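Please view the sequence and the model first.

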Protein chains: 2
Amino acid sequence: MLSLRERKAAKKKKEIIQSAVSIIGERGFHATTMEEIASKLLMTKGSVYYYFKDKQDLLYQSQKMLLEQSIHNIETIIEEKSELQEKLHKVLTLHVEYLLKERTGFEIGAKPEQLFSGDPLKEILSLRDQYSRYIDQLILKGIEAGVFQNVNVKIVRNLILGALNSVIEWYSFEGQKSKTEIADLISDYLLRILKKGSSQP
Amino acid sequence: MLSLRERKAAKKKKEIIQSAVSIIGERGFHATTMEEIASKLLMTKGSVYYYFKDKQDLLYQSQKMLLEQSIHNIETIIEEKSELQEKLHKVLTLHVEYLLKERTGFEIGAKPEQLFSGDPLKEILSLRDQYSRYIDQLILKGIEAGVFQNVNVKIVRNLILGALNSVIEWYSFEGQKSKTEIADLISDYLLRILKKGSSQP
DNA sequence: TAGAAAATTAACTTGACAGTCAAAAAATGA
DNA sequence: TCATTTTTTGACTGTCAAGTTAATTTTCTA
């Protein structure tokens with residue numbers, strides 16, 4: 001079990017990540033200074049460097065955290081026992097909800113190629129890939145089971161994820177609709193790409 | 001008519017913009033230096049400052065150019081005489097094709113709030129808005145004419161644009177499909193969100 | 001072709017920020 | 001309580017890039 005000290009350190013790390021994410025999310029990675037990140041927590045830059053190797057490391061750990069949680073989310077739903085269509089609907093809905101919850105964090109990570117290189121980049125891309133493959137599997141199973149139309153799986157998956165991720169840019173807290181309502185509506189619309197119409201056998 | 005000198009200057013401006021866009025597109029705005037932009041054209045930084053007020057200005061003018069061309073594209077199609085569905089299909093297709101043609105330029109401009117502020121930001125957002133409104137109109141007309149399902153226009157428009165714009169991130173030149181094929185396929189899939197199925201009256 | 005206007009250069013200033021480090025402060029625990 | 005370990009500090013360094021400018025070179029034109 002973790003000592004009090006270790007748990008305190010872990011908490012501080014999380015706080016620093018949150019501070020970093022919120023500022024970087026607004027201003028962008030390069031425009032954000034370590035001093036800003038620190039001073040938001042009433043700390044000095046030096047302290048931040050006590051917990052993180054460098055600026056890259058800070059960003060990398062925050063992105064890894066978000067992606068791992070996303071994968072955990074999708075795995076939970078996939079293990080549930082329900083109809084394929086309902087499952088995919090749930091996956092899309094949760095995707096939107098988690099995206100909006102961790103809005104700034106995901107905004108930052110949109111273009112990992114510009115943020116990371118080498119092994120960290122590989123790791124981030126591989127986590128994204130893992131997530132995409134889960135969705136591909138759901139679509140493929142749906143096609144095989146005759147629930148969905150026959151489509152180019154990768155293209156449709158990319159379109160769906162692209163549409164979902166864009167919600168970050170246009171969902172406004174001012175809007176009439178709650179996050180849950182929006183998530184549900186979006187998922188309905190996007191499933192139409194896959195659902196069988198009258199013209200198909 | 002423009003003098004030779006003016007035309008030369010305009011050409012040089014374009015070259016600088018292209019150089020800037022290609023480097024910024026790869027590395028990001030803040031990570032790109034004016035010296036890099038200049039040296040790609042065998043120039044020095046000072047020359048670039050002769051044509052552009054500052055780094056922001058250079059970026060702003062490149063974005064404005066792209067958006068104005070996009071608006072011109074959509075206006076051309078809207079003026080054509082064809083069925084609503086076909087018109088929207090053409091708009092989506094051309095959107096993808098132009099996006100992939102000017103790939104890096106659009107990649108940069110994805111988050112204008114992080115790049116601009118004040119009047120330039122307003123101008124960029126207003127151009128984007130103008131483009132969106134054209135699409136809204138097409139969808140709305142389609143609904144009114146009974147060609148499309150009744151949907152929340154703004155949400156569906158945002159989903160469609162989000163999906164379309166994501167193509168920048170995943171379309172690979174290695175892929176089997178040409179840009180035209182991809183554009184066509186994507187437009188087909190996305191129109192399914194709007195097309196009437198058998199369940200609707 | 002000479003003189004003016006336009007364009008380019010290279011050296012310079014300025015400011016900012018990432019990352020370091022020795023010393024101080026705080027927490028721990030015997 | 002006091003010695004030891006952990007954490008924090010803030011001043012410092014080195015680097016790097018934006019933007020300026022005076023001097024030079026090129027281009028135009030009368």
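**Helix packing, DNA surface and symmetry**

In chain A, helices α4(A) and α5(A) are roughly antiparallel to each other, a term for angles over 145 degrees. The model is predicted: local features need pLDDT of at least 70, side-chain atom pairs count only at pLDDT 80 or more, and totals for chains, interfaces and linings use all residues. Residues are numbered from 1 along each chain as its sequence is written, while chains are lettered from A and ligands numbered from 1 in the order in which they are written.

Helix α4 (residues 55-79) of chain A packs against helix α5 (residues 84-101) of chain A at an angle of about 155°, and their axes lie 10 Å apart. Helices are DSSP runs (H or I, at least four residues), numbered from the N terminus; axes are lines fitted to C-alpha atoms over the stretch in contact, with angles from 0 to 180 degrees between N-to-C directions.

In this packing, A:S70, A:N73, A:I74, A:I77 and A:I78 of α4(A) meet A:K87, A:K90, A:V91, A:L94 and A:Y98 of α5(A), where contact requires C-beta atoms, placed from the backbone, within 7 Å.

DNA strand D is surrounded by 20 residues, the closest being A:G46, B:T33, B:M34, B:G46 and B:D54; such residues have a C-beta atom, placed from the backbone, within 6 Å of the strand. Helix α3(A) gives the most to this surface, with four residues.

Chain B is superposed on chain A by a rotation of 180° with 0.0 Å of shift along its axis (RMSD 0.0 Å), using least squares on C-alpha atoms of residues with pLDDT of at least 70 in both. That is the relation of a two-fold axis.

Definitions and conventions:
Helix = DSSP H or I, 4+ residues; strand = E, 2+ residues; numbered from the N terminus. Parallel < 35°, antiparallel > 145°, perpendicular 65-115°, else oblique. Contact = placed C-beta atoms within 7 Å.
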